[in-house]
Amino acid sequence: MPRVRTQRTKKPPEGFAEIEDTLLEFANRLKDIETTPHEGQRKNESLWPVFQITHQRSRYIYDLYYTREAISSQLYQWLLKQGYADGNLIAKWKKQGYEKLCCLRCIQAKENNFNATCICRVPKAKLAKDKVVECVTCGCHGCASTD
C-alpha cells in the first residue's frame, strides 16, 4: 500500500501527474476487492486478487521505467519509496529466469513443501499434459520464464 500523503510529505517529482490516474485506478480496484465478500473461499483464495493487482501495479511502474523509459529515475525511486511498487520483486524481474515472476513467495523455499520453489515455477513442458497448475499462494497459472 502506498503511504498516505500529508502536508509534511515531500511533493512528488515531475511526471507523477501523468501516471497518477492509473495509480488511482489500481488503488480503487484494491478497495473494491477489500469490500467484496469472501464467503466460500479458502483463506489464500481471498488474497489472490490482491496479489494480482499489486503485481500489475509493480509491472506497470517497471515497464514505465525500464522498457518505455517514460519516467525519470527520481520519480521511479520516489514511487518505490512511497510503496507504489515492490522493489524486491522488480529486482528479481531484472535477473535472467525471473522475468515473469508473479510474487516473491513463489521462490521462497521455506514457504513451500519439501523446501523447493512453487509448482507454478516449473515450465509447462516438464509437467503432465492434463495437469492444471495453480499456485496455492497467489493463484498464478505458471510464471516460469521458459513458458
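Q: How many aromatic pairs does the structure hold?
A: The structure holds nine aromatic pairs. Here is the general idea: rings of Phe, Tyr and Trp (its six-membered ring) pair if their centres lie within 6.5 Å, and planes under 30 degrees apart count as stacked, over 60 as edge-to-face and the rest as tilted. Take Y62 and Y66: the ring centres are 5.1 Å apart and the planes stand at 40 degrees, so this pair is tilted. Before we go on, keep in mind that this is a predicted model, where local features need pLDDT of at least 70 and side-chain atom pairs count only at pLDDT 80 or more, while totals for chains, interfaces and linings use all residues. Residues are numbered from 1 along each chain as its sequence is written, and side-chain values use heavy atoms, with hydrogens and water left out.

Q: Where do Y62 and Y66 lie?
A: Helices (H or I, at least four residues) and strands (E, at least two) are DSSP runs, numbered from the N terminus. Y62 and Y66 both belong to helix α2, which covers residues 43-67, and they are four residues apart, about one turn of the helix.

Q: Is Y62 buried or exposed?
A: The words have cut-offs: buried means under 20% relative accessible area, exposed over 50%, and partly exposed in between (1.4 Å probe, protein chains only). Y62 has a relative accessible area of 13%, so Y62 is buried. Y66 has 30%, so Y66 is partly exposed.

Q: What kind of pair do Y65 and Y76 make?
A: Their ring centres are 4.2 Å apart and their planes are at 5 degrees, so the pair is stacked. This pair links distant parts of the chain, with Y65 in helix α2 and Y76 in helix α3 (residues 73-82), eleven residues apart. As for accessibility, Y65 is partly exposed because its value is 23%, and Y76 is buried because its value is 4%.

Q: Which residues form one aromatic cluster?
A: Y62, Y65, Y66, Y76 and W93 do.

Q: What sits over the ring of W93?
A: A charge sits over a ring if NZ of Lys or CZ of Arg is within 6 Å of the ring centre and within 35 degrees of the ring normal. In this model, the charged end of R59 is over the W93 ring, 4.0 Å from its centre. Another case is K92, which lies over the face of Y98 at 5.1 Å from the ring centre.

Q: At what angle do the axes of α2 and α3 cross?
A: Axes are lines fitted to C-alpha atoms, for helices over the stretch in contact, and angles run from 0 to 180 degrees between N-to-C directions. The α2 and α3 axes come within 10 Å and cross at roughly 160 degrees. That makes α2 roughly antiparallel to α3; angles under 35 degrees count as roughly parallel, over 145 as roughly antiparallel, 65 to 115 as roughly perpendicular and the rest as oblique.

Q: Is the crossing of α2 and α3 left-handed or right-handed?
A: A crossing is left-handed if the near helix is turned anticlockwise from the far one by less than a right angle, and right-handed if clockwise. The crossing of α2 and α3 is left-handed. I61, Y65 and Y66 of α2 make the contact with S73, Y76 and L79 of α3, where contact means heavy atoms within 4.5 Å.

Q: At what angle do α1 and α3 pack?
A: They pack at about 35 degrees, with their axes 12 Å apart. Here α1 passes α3 in a right-handed crossing. On the α1 side, F16, I19 and L23 meet L75, W78 and L79 of α3.

Q: Where is E69 found?
A: E69 is in the loop between α2 and α3. Phi of E69 is near 55 degrees, a positive value in a residue other than glycine. E69 counts as exposed because its relative accessibility is 64%.

Q: How many helices and strands does the chain have?
A: Four helices and zero strands, running α-α-α-α from the N terminus on. The C-alpha atoms fill a box of roughly 55 × 40 × 25 Å along the principal axes. Of the chain's 147 residues, 31% count as buried.
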